[in-house]
Amino acid sequence: MDDGLNKLYVDGDPFAIKYRDKNFNPPKFFVIVMAILGLLAGWSIEPGASVTLFVTFFAIIKFWREKNLQSWMTVGFLFLFIGFLFLILAPGNIAREELMKLYDPDPIISYDLLYTPTMFYVNIFYTLLPVIVRESPLFLPIIFYFAGYKKNSDATKFILNFLAASFAILFVMIFLPFFPQRATFPANIFLLISSLAAFKEILPELTKIVNRRKNIFMNAGKVFAVFCVLHMSACLYVDFVMYFQLEDRWKIIEENKNADEIVVPYLKIPSWSEDIVGQRSWTQVIVDWGADLEPYFEGNRNIMFAQYYGLKKIRAEESPTWRKITYE
């Protein structure tokens with residue numbers, strides 16, 4: 001296998017490989033691969049695509065100043081920018097905004113509280129803080145790396161670059177009227193890259209520590225494995241609960257597909273799911289605020305659902321938690 005292609009197969013990220021190995025040269029066909037990957041990355045999700053564009057821009061500047069800029073980098077960046085334009089200027093975004101203004105005008109935070117301390121309090125303590133706490137294990141390799149391990153200057157810059165990108169996404173999202181936890185996954189990806197880069201640097205020393213305390217780490221690993229299995233089982237249970245409810249709902253829709261109005265039961269999530277599995281599975285809040293039909297026929301999701309499946313009108317029953325989460 002070609003040496004450049006082999007490095008790509010093992011490490012995956014061509015920019016990261018080039019950052020560490022100035023002599024890295026991927027195969028010529030990789031220009032096409034980068035065009036596709038750049039387009040997909042730009043045409044993904046607004047916070048992730050914008051920060052990816054920002055980080056890649058500085059990577060391009062760095063390699064250009066070192067006179068080591070290659071065609072696959074330029075093509076990747078260009079198609080990343082094109083994909084980002086497709087994402088931002090998509091006609092569907094404008095159409096969705098108009099539908100939401102027309103049929104679903106009620107925000108989580110009332111309009112008079114937008115860009116007030118209340119809005120920032122909600123975004124920080126109800127979204128940002130839970131995300132940071134949930135992803136806190138990813139900070140451990142970074143903390144250990146800077147706490148005393150022998151540092152590599154290039155690795156340090158790489159780690160800090162992606163760590164800064166992760167926090168940049170979260171910082172920007174704080175200023176949005178609605179900051180859903182699902183929108184933080186690009187920040188988690190950047191944090192994961194930074195964490196893995198730090199882990200790679202501390203791995204030799206960490207291996208020595210593990211070998212000296214093998215039994216302790218083995219037992220800790222078993223406990224963690226059991227926890228992961230139980231947690232995943234809980235997530236699967238919630239998914240199956242949702243699946244069977246949706247199956248029952250579809251039977252109602254099939255039996256009444258020619259009716260003037262169809263009312264289906266709201267989806268009931270186990271009460272413990274939010275405390276046990278959090279945002280990793282369904283919660284009643286997620287369902288009420290965007291994942292299910294609304295309890296009035298004029299809801300934009302209901303209208304689109306009815307149009308797509310050829311129904312006249314459809315809505316869900318109002319759940320006990322519907323619109324209860326508000327910060328007026």
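Here are a few friendly notes on one pair of packed helices and on some charged side-chain pairs.

1. Before you start: this is a predicted model, where local features need pLDDT of at least 70 and side-chain atom pairs count only at pLDDT 80 or more, while totals for chains, interfaces and linings use all residues. Residues are numbered from 1 along each chain as its sequence is written, and side-chain values use heavy atoms, leaving out hydrogens and water.

2. Look at helix α9 (residues 153-174) and helix α10 (residues 185-212), which pack at an angle of about 160° with their axes 8 Å apart. This makes α9 roughly antiparallel to α10 (the term is for angles over 145 degrees). Helices here are DSSP runs of H or I with at least four residues, and strands are runs of E with at least two, numbered from the N terminus. Axes are lines fitted to C-alpha atoms, for helices over the stretch in contact, and angles run from 0 to 180 degrees between N-to-C directions.

3. Which residues of α9 and α10 make the contact? Among them are Phe-158, Phe-162 and Ile-169 of α9, and Phe-190, Leu-191 and Glu-201 of α10 (contact means heavy atoms within 4.5 Å). By class, the contact of α9 with α10 has 15 nonpolar, two polar and one charged residues. Ala, Val, Leu, Ile, Met, Phe, Trp, Tyr, Cys and Pro count as nonpolar, Asp, Glu, Lys and Arg as charged, and the others, Gly among them, as polar.

4. Now for the charges: the structure holds seven salt bridges (each a side-chain nitrogen of Lys or Arg within 4 Å of a carboxyl oxygen of Asp or Glu). One of them joins Lys-208 to Glu-205, with the closest N and O atoms 3.5 Å apart. Both residues lie in helix α10, three residues apart, about one turn of the helix. Lys-208 counts as partly exposed at 45% relative accessibility, and Glu-205 counts as partly exposed at 37%. Buried means under 20% relative accessible area, exposed over 50%, and partly exposed in between (1.4 Å probe, protein chains only).

5. Where do Asp-260 and Lys-312 lie in the chain? Their side chains meet in a salt bridge of 3.2 Å, N to O. The pair links distant parts of the chain, 52 residues apart: Asp-260 is in the loop between α11 (214-255) and β1 (262-264), and Lys-312 is in the loop between α14 (300-309) and β2 (314-316). Asp-260 counts as exposed at 54% relative accessibility, and Lys-312 is exposed at 52%.

Notes. Parallel < 35°, antiparallel > 145°, perpendicular 65-115°, else oblique.
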